[in-house]
Amino acid sequence: MKPSSNSVNSFFSFLAHGIDDLDESLSSNTFMSLQFLQRAVALLRSLHSRLTNLVQKLHLPVGERWLDEYMDESSRLWDVCHVIKLGVSGIESYCSAAADMISSLDEWRHNPSPHLARQVMRAVSICRREAMGLEEENRVLMETRIEPMSLRFDDRLSTESRYIGFNGFRGVLYALRNASSLLLLILLWGSVSCCPELAVTDGSLFFGSELMVAMASLQQRVVGEVEGLDGRSGILMLEFRQARAATEELRDELETAGAMRCGPEIAGGSLKGKVEELKGWFGMLRSGTENLVGQMDDFFDEIVEGRRKLLRLCSHR
């Protein structure tokens, strides 16, 4: 077997294993958690890095179409990941509003008064408006910045011999594009806004290779989990959904109890658990999204470096 064949087969093996691992980590109880989204980004970065390294082993001809195809794919990754970063970054203002709400709650719990109660209700309302505004902004972001066709899958590899061109590079790039489309779709649904119409539902597209079957399995599980959310749209990130739900529960309890009339037994007693729950979810949301943005920034650097590396590779031959 040629060295190039070994390198290509190794890439396909790594890709299939990575998709399987991500599939196995998916759970209904932690669907679209920040940990799951971070694993998706990590796999996306690893695949891009391995592709760049693979090119150096395949001894591809200078000035051929393969470089243009790589540049097109890396540009697509850049554009979609930029939308993902914008969506995640918008959560920062939501977390800031939540911090103000929690601060008001703590102050009111330690010194209950009608004045502080009004501040609490106002802070809760602001936090709820931030969440609604964020989801609307992200919905518009998806509609205006994401071209649906850019995330579609196809099965041309199994039907067109030209995909074995350039020592197998074209087939590798095709497989990477399909896998990246799935990972980007997951990240968009989790971090920006869920648009189920972007998902591929035609199972015939996935008949064939073991890799395509693995990707089909992951996508079908993700789509199934989305359907299990009873039509829930917007940001699917677990920590965001839980933080928002906890805020709604707090608001309902405050209104039921009559925050303006609440004494120490309410402010310092029955609401304590609610406030601690809020702190926990918003703490995980803030730290997790900061980590996700950091991963995106690192990926942008890697894309730029990968493009430079391959351009230098071509110019020095």
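From the N terminus on, the elements of the protein run α-α-α-α-α-α-α-α-α-α. The secondary structure thus described comes to 10 helices and zero strands, where helices (H or I, at least four residues) and strands (E, at least two) are DSSP runs numbered from the N terminus. The model is predicted, with local features requiring pLDDT of at least 70 and side-chain atom pairs counted only at pLDDT 80 or more, while totals for chains, interfaces and linings use all residues. Residues are numbered from 1 along each chain as its sequence is written, and side-chain values use heavy atoms, with hydrogens and water left out.

Of the 317 residues of the protein, 50% count as buried; buried denotes under 20% relative accessible area, exposed over 50%, and partly exposed the range in between (1.4 Å probe, protein chains only). The accessible surface of the protein is about 14,500 Å², of which carbon and sulfur atoms supply 50%. These areas come from the Shrake-Rupley method with a 1.4 Å probe, and for residues only the protein chains shown count as cover. Among contacts between residues at least 6 apart in sequence, 85% join residues at least 24 apart, a contact being heavy atoms within 4.5 Å.

Helix lengths were compared with an expected span, defined as 1.5 Å times one less than the number of residues. Helix 2 (residues 34-58) contains 25 residues and reaches 36 Å from its first C-alpha to its last, close to the expected 36 Å. For helix 4, with 20 residues, the corresponding reach is 29 Å, close to the 28 Å expected. Helix 7 (residues 210-227) has 18 residues that should span 26 Å, and its end C-alpha atoms are 26 Å apart, which agrees.

Met32 lies in the loop between helix 1 and helix 2 and has a phi near 60 degrees, a positive value in a residue other than glycine. Met32 counts as buried, at 0% relative accessibility. Leaving aside neighbours within four places in sequence, Ser33 is in contact with Leu238 and Glu239. Just after helix 2, His59 takes a positive phi of about 55 degrees.

Two packed helices are described by the angle between their axes and the distance between the axes. The axes of helix 3 (residues 65-89) and helix 4 (residues 91-110) come within 5 Å and cross at roughly 10 degrees. Helix 3 is therefore roughly parallel to helix 4. Axes here are lines fitted to C-alpha atoms, for helices over the stretch in contact, and angles run from 0 to 180 degrees between N-to-C directions. Angles under 35 degrees count as roughly parallel, over 145 as roughly antiparallel, 65 to 115 as roughly perpendicular and the rest as oblique. Gly87, Val88 and Ser89 of helix 3 and Ile91, Glu92 and Ser93 of helix 4 make the contact. By class, this contact of helix 3 with helix 4 has two nonpolar, three polar and one charged residues. Ala, Val, Leu, Ile, Met, Phe, Trp, Tyr, Cys and Pro count as nonpolar, Asp, Glu, Lys and Arg as charged, and the others, Gly among them, as polar.

The buried residues of helix 4 include Ile91, Tyr94, Cys95, Met101, Asp106, Trp108 and Arg109. In helix 7, the buried set includes Leu211, Met212, Gln219, Val222, Glu225 and Val226.

Asp20, in helix 1, is partly exposed, with a relative accessible area of 31%. The C-alpha atoms of Asp20 and Ser217, 197 residues apart along the chain, are separated by 8.7 Å. Glu137, in helix 5, is exposed at 56% relative accessible area; Glu137 and Ser193 are 56 residues apart in sequence and 9.3 Å apart in space, C-alpha to C-alpha. Arg152 is placed in the loop between helix 5 (114-145) and helix 6 (169-191) and is partly exposed at 29%. Between the C-alpha atoms of Arg152 and Asn178, 26 residues apart along the chain, the separation is 7.8 Å. Gln242 is found in helix 8 (residues 238-257) and counts as partly exposed at 31% relative accessibility. The C-alpha atoms of Gln242 and Trp281, 39 residues apart along the chain, are separated by 6.7 Å.
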